[in-house]
Every structure is written in C-alpha cells, then in structure tokens.
Amino acid sequence: MVERYVMSIDQGTNSTRCILFDHQGRLVTVAQREHQQHFPRPGWVEHDALEIWRNLRRVVPEALSDGGVAADEVAAIGIANQRETTVLWDRRTGTPVGRAIVWQDTRTAPLVDDLRERPGDEFFLERCGLPPSTYFSALRIRWLFDHDDGLRQRAQDGEVLFGTIESWLIWNLTGGADGGLHITDPTNASRTMLMNIRTLTWDTELLDFFGVPRPMLPEIRSSAETYGEARTLLPGVRITAALGDQQAALFGQTCFSPGEAKCTYGTGSFLLLNTGNEMVRSRHGLLTTVAYKIDDQPTVYALEGSIAVTGSLVQWFRDRLGLISSAPEIETLARTVEDNGGCYIVPAFSGLFAPRWRSDARGVIVGLTSYITSGHLARAVLEATGWQTREVVDAMNADSSVPLKELKVDGGMTADNLLMQFVADVLGVPVVRPMVAETVSLGAAYAAGLAAGYWSDLEVLRRNWHRAAQWLPDMDSAHREEEYDNWQRAVERSLGWIRPPGSR
Ligand SMILES: Nc1ncnc2c1ncn2[C@@H]1O[C@H](COP(=O)(O)OP(=O)(O)OP(=O)(O)O)[C@@H](O)[C@H]1O
Ligand SMILES: [Mg+2]
C-alpha cells in the first residue's frame, strides 16, 4: 500500500480529535469526542486521563473507517495537545494518580505568591522563560506531593511518572506498562518551569527548587523525529511528532519565519510570534517559549501572549448561565443590540494571564444598569476576547521593533464574524483566516510528515496555505480608544480580589 495520509491527534482541553490529512494539507476525515470537565471546587479544573485515552482509542478507528483508510496507508502519526495539564501515573499499572490537573486550575495560587516574593520572578524567567503562575506544571507536581504522603518517594523510586498529555498518550500508544516510551518534546517541556530554555534539558536548579525527582520525568526529544512505532491502535505506524497545541497551530499556519504570528481562538486564545533562533526576553509580560525543534536543527523560539479565557467564556454563558443553547448563538444574541450598552466582562476565571500575570484577579461584570439585556452581555462576552487580544498585541509591539501588520487567526471562535470584525477593529490591522481552520491538527501533521519524509521541506508546506476569509479594520479611532480605556478600567476592578491567606 502507498502511504497516502498523515494522521494527526489533537488532544485539546475539551475534546480529542483525530484527523487525516493528504499531501495538499487537505482535511480528509475527522473524528472527535468530548471529555468531561470536572470542577470539584472553585478554581479547580480536572480531567480523567483514562477517559482521554479511551476517547483516543475510539476516535482513531472512527477516523480510519469514516475515511475508508487502511492503517498501512498512514505514513506517520503526529500529536498536538493541551499544554501544562499535569498527569502522574503508576509505571507498573498505568493507572493515573488521581485526576489530571488542568492548565486552568488555580489551586496553586498561594504557592505562586510565595515564589514571587522569594526567589522572585527573575530567578525563573532567567532559567525557563516563564514567570511563576498557576498556569505551569511544576507547582502542580509540588502540590500533589504536598497532599499525598509517600508520593514523592514513589516518584524518586521511578514508580510514579510525570507527563503532560502527549507523554501520557505516547506512553500508552507505545506499550504502556509493557515498555511504553516515556518522552516529551521541548514545546511541551518548556511549559513545565522545569526545562532550561537555552539548553532544552531538565534544569538541575529548578528540579531541586521544586523538589521534583528526575526519575519521574520524560526524556526530552525533538518536536519532529521518529520516536518509535505505535503498538496499539495503528501497530507498526511511526509516531514522529509531538507539539503543544499552540505551537502546532503556529506550525500549521506556516509561520516559519521570524516576525510571523498567529492567534488561535479556542477555549483560551494564544498569540505566538516566531522569533527565529533567537530567544527574546519579553519586558512586557509575554512568555519566552520554544516554537519547535525539528530533528537536530537549531531550536526555533517564540514569544507568546496567553489568554486563559475566551471561548470558555462563551461555554460558561451557554452551560452555566444557560442564556444560549449553542456557541454560535452568542453572535445572534449579540446582534440583537447595537453596542455593549456600557457593560464589560473581564473573565479572570483563572486570574489574568498575559500580559498581566495576576493570580489574585477574578472575573467581574461592570457597568450593569437596568438597561442591560442578555444581548449586551453577549456583546461584552465577545468584546472581552477582542480587548484581551489587543492587550497582548500591544505587549508584542512594545517588545519587538516591527509592529504587527496583519494577524493570522484560526480556531473555533473564528467562525464568529462579529467577533473577528471586532478583533480587526480594536487592533487596527487586517485579520486573515486560512482554508484549514484546524491548524492545530494540521501543524502536528506537518511536523510528523516532515520527519517521516512525507513532505520534503517547509516551502512545500507554505504553498498549501490559502486565505479563506479576511476582516478589515473599520472603527473610528477615537471611539476605539475610549472603549479601550473603559476596558482597562474594568480590568482594574478585577485585580486584587483574592487576598493572600491571613491578610484579613
Ligand atoms: N460561533 C462562535 N462564536 C463564539 N465562540 C465560539 C463559536 N463557535 C465556537 N466557539 C467557542 O470556541 C471554542 C471551541 O473552539 P475550538 O474547537 O477551536 O476549541 P478546542 O480546540 O476544542 O479547544 P480545546 O483545544 O481547548 O479543546 C469553544 O470554547 C466555543 O465556546
Ligand atoms: Mg484545541
């Protein structure tokens, strides 16, 4: 059989997708399953890692049979995944130690406060490119150790393994307890606070600082290289790429040159700017992160503006408030009114990420009057995504010498025309979307296909990028600045809501 397709697995915050792509980068077939979100306490967010693995075992055969594709027609498998989410599991049984702690979870906020005091942000930024935040994995490992006697010892003895989701899936795909590969890639490892951002190796000082035993950590391999063969689901097919979902989207958007940027609008939204082989330190609240490392080529870095809550605010509006019954209805509802009626929502559900990094912030709705309808609230929901993007773009422009001229976008929220027009309006630059909106999956497929020789080079991939939609800025600048000012005043009101323990 000829190898006609590349398989991509996108293990996201809400669902697991399996997509097959052909040589032109066209989507051939997709299968998807959602998994449950657990919110056991305010600020806690958990997933069941076994449920995720079960879902993967279903979507892979579904994608193959829907597309009428045989396993031996698949050239390689690439994996993209929700980042930072922390799984600990037993090496002998393959059973997770409790539920996975998700990137949105804020239970480690008191630990973050301590770290910002001592040793301070600089200690961490220097080594891993990240400021202390509830967002990253290391503090979750520490939290788990602090809440389970004996767990650290078991980790020290190599009985308990740590991984982000790609490690968990690759370990299971390659044999699990029976010799499964325990590996990660630098894009994922760069989000743990444990990897040295220069050397791409586990940093001894950081490991000591967080008290994380080395035997529990995966081996850091390249983002694209042959890791090994799958032993289940697609036995014999090579797994040749792993990337954090946002870096995968940057790759799928073919942002291969320094200065190219994209923003992915999903559960949260993430703007990444390729900075080439140069590691740029942000002075305005962005993260320094690994964009990708292909085989033994030099590391490519990125600056990232991470926004925790965008699409998930729409989900909250739908599932928790019940004001709409499907995500696209947010646009219909927002269009029942002319403007926001003076109402702003700051969705600091997990504190605020870039560029502010405030774990003490919580969500607020301001400007409420008797005039406000659900339509105004719907507008405020969408506008929150626009303004948060603006803050991140401002930070990026302040950090780099060349201002952003155009924004490539992708992700589920880009189906919303009102929102995309608003993003173009508040940024004052064109917003463009490619034909394949599933850029996370496409990026994982591209990386896997490159490593497997299915595609020859980056130029071939670039030629697959085609524009499907464009939004041009069309907002009076005085009006824009006035609204931005209102937004910033709203944000001020979200800050400092969570008080340090013992401060009352
Ligand atoms: N028309 C719409 N308007 C606004 N938001 C929307 C619309 N359609 C979907 N969304 C939001 O987009 C998000 C889904 O986007 P996408 O499918 O890219 O995310 P995802 O990849 O599933 O997320 P994750 O990777 O975190 O699981 C949801 O949070 C949903 O609320
Ligand atoms: Mg996703």
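1. A backbone N or O atom of asparagine 14 lies 2.6 Å from an oxygen atom of ligand 1. That is a polar contact, meaning a pair of N or O atoms within 3.5 Å; within protein, one must be able to donate a hydrogen and the other to accept it, and residues adjacent in sequence count only if both atoms are side-chain atoms. The protein buries 84% of the 630 Å² that ligand 1 exposes when taken alone; such areas come from the Shrake-Rupley method with a 1.4 Å probe, and for residues only the protein chains shown count as cover.

2. This is a predicted model, in which local features need pLDDT of at least 70, side-chain atom pairs count only at pLDDT 80 or more, and totals for chains, interfaces and linings use all residues. Residues are numbered from 1 along each chain as its sequence is written, chains are lettered from A and ligands numbered from 1 in the order in which they are written, and side-chain values use heavy atoms, with hydrogens and water left out.

3. Two further contacts involve oxygen atoms of ligand 1. An N or O atom in the side chain of threonine 267 is 2.4 Å from an oxygen atom of the ligand. For glycine 311 it is a backbone N or O atom, at 3.0 Å from a ligand oxygen.

4. Helices (H or I, at least four residues) and strands (E, at least two) are DSSP runs, numbered from the N terminus.

5. Strand S14 (residues 269-276) has eight of its eight residues buried, that is, under 20% relative accessible area, with exposed over 50% and partly exposed in between (1.4 Å probe, protein chains only). Ser269, Leu271, Leu273 and Thr275 lie on one side, and Phe270, Leu272, Asn274 and Gly276 on the other.

6. S14 has antiparallel partners. Strand S13 (residues 261-265) is joined to S14 by five bridges and by a hairpin of three residues, with lysine 262 opposite leucine 272. Strand S16 (residues 300-307) and S14 share seven bridges, and serine 269 is the partner of isoleucine 307. Strands pair if DSSP finds at least two bridges between them.

7. Helix H13 (residues 417-427) is largely enclosed by the rest of the structure, because nine of its eleven residues are buried. Among them are Leu418, Met420, Phe422 and Asp425. At the start of H13, a side-chain oxygen of aspartate 416 reaches to within 3.2 Å of the backbone nitrogen of leucine 418. Just after the helix, glycine 428 takes a positive phi of about 75°.

8. Strand S19 (residues 407-410), H13 and S20 make a right-handed β-α-β unit: with the strands pointing away from the viewer, the path from the first strand over the helix to the second runs clockwise. S19 and S20 run parallel, joined by two bridges. S20 (residues 431-434) also pairs with strand S21 (residues 467-471), antiparallel, over four bridges. Valine 431 is the bridge partner of leucine 407 and stands opposite tryptophan 471 in S21.
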